[in-house]
Every structure is written in structure tokens, then in C-alpha cells.
Amino acid sequence: MNLTPFYKQNYEQRLAMLKEKLGLTDVDEALITGKTATLGNQTIENYLMDFSIPEGVAVNFKINGKEKVVPMATEEPSVIAAASNGAKIIAAGGGIQASTTERLMMGQVLMANVQKPVQLTQRLLQYKPEILQTANDAHPSIVKRGGGAKKIRVRKLAHQFISLDIFIDTKEAMGANMINAMLEAVAKLLQVKLGQTSLMAILSNLADECLATATCRIPVKVLTTKQLNGKELAQRIVLASEAAQVDPYRAATHNKGIMNGIDVVVMASGNDWRAIESSVHAYAARDGHYRGLSCWQIENDFLIGNLTLPLPVGFVGGSIKLNQKAQLNHRILQVSTAKELEEVLVSVGLAQNLAALKALVSEGIQRGHMHLQAKSLLLSVGATTAELADAQAKLESAPVMDQQTARQILKELRGENNE
């Protein structure tokens with residue numbers, strides 16, 4: 001299939017080429033052209049259409065004494081419900097306390113095949129003032145705002161690699177382009193001053209000096225269910241948390257549950273959820289063993305939760321300033337800085353984790369999921385709003401929950417002939 005030179009064509013030409021080469025119908029074309037936006041064509045290459053994701057809001061959050069409504073962009077039916085439920089339970093214990101460290105992002109100038117690593121390390125450290133100055137000269141505007149390169153670190157790695165790490169305060173921006181520009185300037189400096197060639201100069205997405213922590217303290221009595229008393233349920237949650245510390249298979253799903261809530265708020269805020277995913281999962285393996293990110297324990301008659309994550313998000317810059325909905329979501333969140341956004345994100349992760357663990361060790365994860373899945377199945381086969389309640393009740397009690405069963409239930413409700 002020859003689509004060359006696709007990127008040089010205008011929008012109408014690209015669409016015509018795709019329609020011809022892929023056999024798209026007029027109905028396909030109408031669907032595509034009905035979902036377009038001028039901003040999309042200006043943002044990415046080879047733009048085709050906007051692919052929308054539903055956005056809802058999670059409620060019941062109380063973070064550092066303030067009530068929060070949290071926008072979430074997600075296609076997953078149970079995420080918002082779980083986050084709201086977890087937040088409600090935590091609110092009964094006074095809510096979530098959240099804090100952040102200093103926001104420093106890190107980038108690397110990586111050197112390979114270093115024959116004299118000790119000597120090179122010493123020389124790099126001797127050049128520290130000039131390295132920092134060179135980095136800051138590459139982006140003077142951030143220095144004027146109180147940010148910029150703050151410190152360096154030199155690490156000797158296996159296979160004759162040396163990494164010069166530069167830590168940069170990017171203020172309210174995530175700062176990827178800023179960091180990379182600084183690093184490339186430093187790489188040129190090393191070539192000129194030390195005759196040292198660099199393999200690459202690039203930011204690291206493991207932002208372990210940009211951390212946010214959320215804690216909560218829940219009276220165990222509020223955890224009581226029809227099946228379990230609060231103390232027993234709290235003990236089971238603690239055991240589930242411990243299992244994620246010793247088994248990477250459990251930890252992977254444990255952490256995915258945490259990120260279910262965080263990713264969708266990151267998306268709604270206009271940030272790069274892929275960078276956050278990379279940072280968080282690398283942090284989970286920082287001691288060489290992949291572990292669960294949250295910790296739950298019992299103290300007296302309280303269930304104590306703690307979650308610390310690297311969250312290198314931005315509040316300004318990049319596509320955020322072009323995205324009016326992202327800016328609206330900042331107002332819905334009532335946040336005005338990147339640190340406040342970090343506090344919301346880590347709090348959402350803790351609430352999401354509590355809801356997931358509570359479900360897993362009590363009624364099972366499927367009950368809540370299946371309630372929402374039944375609704376989605378019925379809508380996918382054409383159920384109307386008026387039919388939904390009765391049809392959903394029947395589908396949830398059916399031996400098998402699938403599209404065929406959903407269609408059969410709708411036929412019965414409509415009095416149609418079942419053939």
C-alpha cells in the first residue's frame with residue numbers, strides 16, 4: 001500500500017487517499033468528518049479525526065480538608081464508581097492528607113565505552129558549576145522564574161556506561177522539551193571541554209525527586225459489611241497489601257488498579273498519562289523487585305493507608321494551553337499549581353486502591369463490574385433508556401452474561417417472536 005507522500009497532503013487529500021486505498025465507505029467518511037476539529041490538525045501529524053472518551057466526575061473526595069470534585073476521562077464503567085466509593089469510606093475517617101516533595105525532574109547525558117570511569121567522574125564533578133551554567137543558559141526564562149538546573153550526579157553503570165544526571169526545577173511545566181534542550185547543550189560542552197562524546201542526551205521519566213504522598217486513617221468500624229465485621233475486613237485488606245509486596249504478579253494488577261484512577265485524571269488534566277505510567281511502574285521496581293505501591297496496616301482500631309508516587313505532571317505548557325477542556329477541568333478540580341494537581345492524583349490512587357482491595361477480599365471484584373457490564377452490553381445491542389432497568393435486572397440474574405443473552409432478554413421484553 002503506497003501512501004507516499006501522505007504527510008505532505010492536506011486534510012481532504014489524506015482522507016481521499018485513505019478512502020481509496022482502504023475501501024472506506026461514504027458512511028465511514030461521514031463518521032470521520034463528523035468528528036474533526038481544527039485543533040487536532042494543528043496538534044498531530046496525519047490527523048484524521050477526534051476519538052472521544054467519556055468524561056465524568058468522581059465525588060466524595062476530601063483532600064487536605066477541602067472537598068474535591070474530580071474529573072475523569074475514561075471508557076471503563078467501574079473506575080468512577082470505585083473512586084467515589086473509596087473516597088466516601090476515607091472521608092468517614094477525616095479524608096486524605098496529601099503532600100509533595102520538591103519538584104525536580106532528571107535528565108541524562110549518557111556516555112558509552114568509557115575506558116577510565118573514575119577519571120571521567122572526577123572531571124565531570126570538577127565541571128559542575130560550568131555544567132549547571134551551560135544548562136541554564138540553554139533555557140534562561142525558567143531561571144528567571146526561579147527554576148533551572150539545580151544539581152548533578154554522576155553514576156557508573158555496567159558495560160562501561162557513565163550517566164551524568166542533571167536535576168532541573170521546571171516550575172509549573174512538566175518540561176520535557178526544556179530538559180532535553182538543556183541536556184543537549186551540556187553534551188556539546190562535554191565534547192568541547194573534555195573531548196567526551198555522548199551517546200545520547202534525554203530526560204528520564206523516572207522522576208523520583210518529584211514525589212507525592214497520600215495518607216488516610218479509617219476507623220475499622222466503618223468498613224463493616226453484611227458478611228464481615230470491620231476489623232476482619234481491615235485485616236484482609238492488609239494481607240492483600242502484603243501480597244502485592246512479595247509477588248510481582250499480584251503487584252502488577254494491584255498497581256494497575258491504582259493507575260486506573262490516576263491515568264484518567266491525568267488525561268482530563270491535559271497531561272501525558274504515558275509518562276506518568278512509565279514513572280510510576282519504574283518506581284515500583286526501584287529496589288530491583290517489582291512491588292505494590294500502596295501500604296495498608298492496622299494501628300489500634302484504625303486502617304492506615306499510605307501511597308507515594310512520582311508524578312511529574314505539568315500545569316502549564318505543551319498541549320495544556322491549547323486544550324480548553326483541560327483548563328476547564330483544572331477549574332473543576334480547583335487547583336492552581338502542579339503540586340496541587342499531584343496531591344489530587346495521589347489521593348485518587350489511594351481511594352481507587354482501597355475500593356479495589358475492599359471488593360477483592362469481600363464480595364469479589366466481579367459484582368460491581370458485572371452491574372456496569374450488564375448495562376454496557378444492553379446498550380450495545382440497542383436497549384432504550386425505558387427498557388434498561390428491567391433488562392439489566394434480568395441480565396444480571398442470567399446464567400451467562402453476553403450479547404446473545406442481552407438480545408434475547410430484549411426480545412422477550414418487547415414481546416418479539418423468539419426464533
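In which sense do strand 4 and strand 6 pair, and over how many bridges? In this predicted model, strand 4 (residues 105-111) and strand 6 (residues 161-169) run antiparallel to each other and are joined by 7 bridges.

On the side of helix 5, the contact involves Leu 124, Leu 125 and Gln 126, which meet Lys 128, Pro 129 and Ile 131 in helix 6. By class, the residues of this contact comprise 4 nonpolar, 1 polar and 1 charged.

Strand 1 (55-63) is joined to strand 2 (residues 66-73) by 7 bridges, and the two run antiparallel. Gly 56 has Met 72 in strand 2 as its bridge partner. The two strands form a hairpin with 2 residues between them, and in the turn Asn 64 adopts a positive phi of about 50 degrees. Strand 8 (residues 211-219) pairs with strand 3 (residues 96-100) in the antiparallel sense over 5 bridges, with Ala 98 bridged to Ala 214 in strand 8. Strand 8 is also paired with strand 10 (residues 302-310), again in the antiparallel sense, over 9 bridges. There, Thr 215 faces Asn 306 in strand 10.

The structure holds 1 aromatic pair. It is formed by Tyr 11 and Tyr 47, whose rings are tilted, with 6.1 Å from centre to centre and 35 degrees between the planes. This pair links distant parts of the chain, 36 residues apart: Tyr 11 lies in helix 1 (residues 11-22), whereas Tyr 47 lies in the loop between helix 3 and strand 1.

The largest pocket has a volume of about 1700 Å³. It is lined by 45 residues, of which Met 267, Gly 270, Asn 271, Ser 319 and Asn 323 are the closest to its centre. At least two lining residues come from each of helix 3 (38-43), helix 8 (176-194), helix 10 (248-268), helix 11 (273-284) and helix 12 (324-333). The lining of the largest pocket consists of 23 nonpolar, 16 polar and 6 charged residues.

The structure also holds 1 cavity of 30 Å³ or more. The largest cavity has a volume of about 40 Å³. Its lining is made up of Met 105, Met 106, Met 174, Ile 179, Leu 203, Ser 204, Asn 205, Ala 207 and Pro 312. Of the residues lining the largest cavity, 7 are nonpolar and 2 are polar, and none is charged.

Methods:
Residues numbered from 1 in each chain as written. Predicted model: local features only at pLDDT ≥ 70, side-chain atom pairs only at ≥ 80, totals over all residues. Heavy atoms only, no water. Pairing = 2+ DSSP bridges. Helix = DSSP H or I, 4+ residues; strand = E, 2+ residues; numbered from the N terminus. 1 Å grid on protein atoms, 1.4 Å probe; cavity = no way out; pocket = protein on both sides within 12 Å on 5 of 7 lines; lining within 4 Å. Points joined across faces, edges and corners; volume = space filled by probe spheres on them. Nonpolar A, V, L, I, M, F, W, Y, C, P; charged D, E, K, R; others polar. Phe/Tyr/Trp six-rings, centres within 6.5 Å; stacked < 30°, edge-to-face > 60°. Contact = heavy atoms within 4.5 Å.
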